[in-house]
Amino acid sequence: MKHAMNILAIGNSFSQDATRYLHDIAAADGYDLTVIDLYIGGCSLQRHWENIENNAPDYDYELNGYAVRGEVAIPQTLKERQWDYITLHQVSGKSGIKESYYPYIDLITNYIKKNAPTAEVVIHETWAYELDSEHPDFPYYGSQENMYLAIRSAYEFVADRLNARIIPSGDVIQKLRSHPLFDYARGGQSLCRDGFHMDFIYGRYLTAAVWYVTLTKRSILGNKFIPPAVDDMDVDKEKIMVIKQCVHDMLSSEYR
């Protein structure tokens with residue numbers, strides 16, 4: 001192994017999706033990466049801040065994509081090790097509403113900077129729901145395209161105010177949705193498994209690849225990791241290659 005990196009995601013099921021295969025991709029590249037995900041399903045930035053204030057042990061703790069224990073609090077986890085990156089994102093239904101981030105993301109970021117001074121706070125841009133999503137917050141946006149544009153605008157606004165980098169998962173997902181293999185409207189593979197969470201194979205692989213390339217600056221093209229089959233569904237290696245190429249193209253020096 002070469003290099004070493006510690007990543008902490010403070011999130012919900014969307015960070016759980018995004019980090020499931022992150023360690024595996026790194027290991028296949030000979031990169032020593034540890035990723036901890038603290039999550040509560042459907043957790044908003046407001047609740048994260050209230051949990052910090054109350055030192056609430058409400059989080060499940062995942063290490064390198066696998067559940068380890070529950071009843072964990074943010075303050076104790078910040079002291080657990082020397083963090084390189086700590087990621088934040090808004091709950092999916094409010095991700096396109098700028099006002100919902102404040103004042104909580106500022107309060108959380110300031111707390112992190114005081115209690116984990118080695119860490120760079122990075123903003124995880126989440127994604128728009130599937131075209132036919134039945135998520136109760138989807139009607140607010142009216143369409144997938146509207147939701148994507150609102151999310152992108154909100155995350156860019158927040159990142160600019162914080163002078164923080166973005167992990168552009170939502171951008172890459174939306175771009176890939178235009179590829180014939182992933183064009184759901186025309187019979188392609190949906191990147192969502194239930195209309196909003198990532199597909200267990202391709203969606204989770206894509207988001208992990210975006211995180212890996214963004215945070216390590218390493219290429220995904222030659223990476224040998226292939227996600228495992230799920231529910232006896234074979235993994236289509238052509239789709240994996242399309243994902244790799246899309247991530248590479250979107251995260252090249254010309255992008256952002």
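**Exercise 1.** Is the crossing of helix 7 and helix 8 left-handed or right-handed?

*Solution.* A word on the model first: it is predicted, local features need pLDDT of at least 70, side-chain atom pairs count only at pLDDT 80 or more, and totals for chains, interfaces and linings use all residues. Residues are numbered from 1 along each chain as its sequence is written, and side-chain values use heavy atoms, with hydrogens and water left out.

Step 1: find the pair. Helix 7 covers residues 144–162 and helix 8 covers residues 169–176 (helices are DSSP runs of H or I, at least four residues, and strands are runs of E, at least two, numbered from the N terminus).

Step 2: get the angle. The two helices pack at about 155 degrees, with axes 10 Å apart (axes are lines fitted to C-alpha atoms over the stretch in contact, and angles run from 0 to 180 degrees between N-to-C directions). That makes helix 7 roughly antiparallel to helix 8 (the word is used for angles over 145 degrees).

Step 3: read the hand. The crossing is left-handed: the near helix is turned anticlockwise from the far one by less than a right angle.

**Exercise 2.** Work out how strand 3 pairs with strand 2 and strand 4.

*Solution.* Step 1: strand 2 (residues 31–39) and strand 3 (residues 59–63) pair in the antiparallel sense over four bridges (pairing takes at least two bridges found by DSSP). Here Leu 38 has Tyr 61 of strand 3 as its bridge partner.

Step 1: strand 3 also pairs with strand 4 (residues 66–72), antiparallel, over four bridges.

Step 2: strands 3 and 4 form a hairpin with two residues between them, and Asn 64 in the turn has a positive phi of about 55 degrees.

How values were computed:
Parallel < 35°, antiparallel > 145°, perpendicular 65-115°, else oblique.
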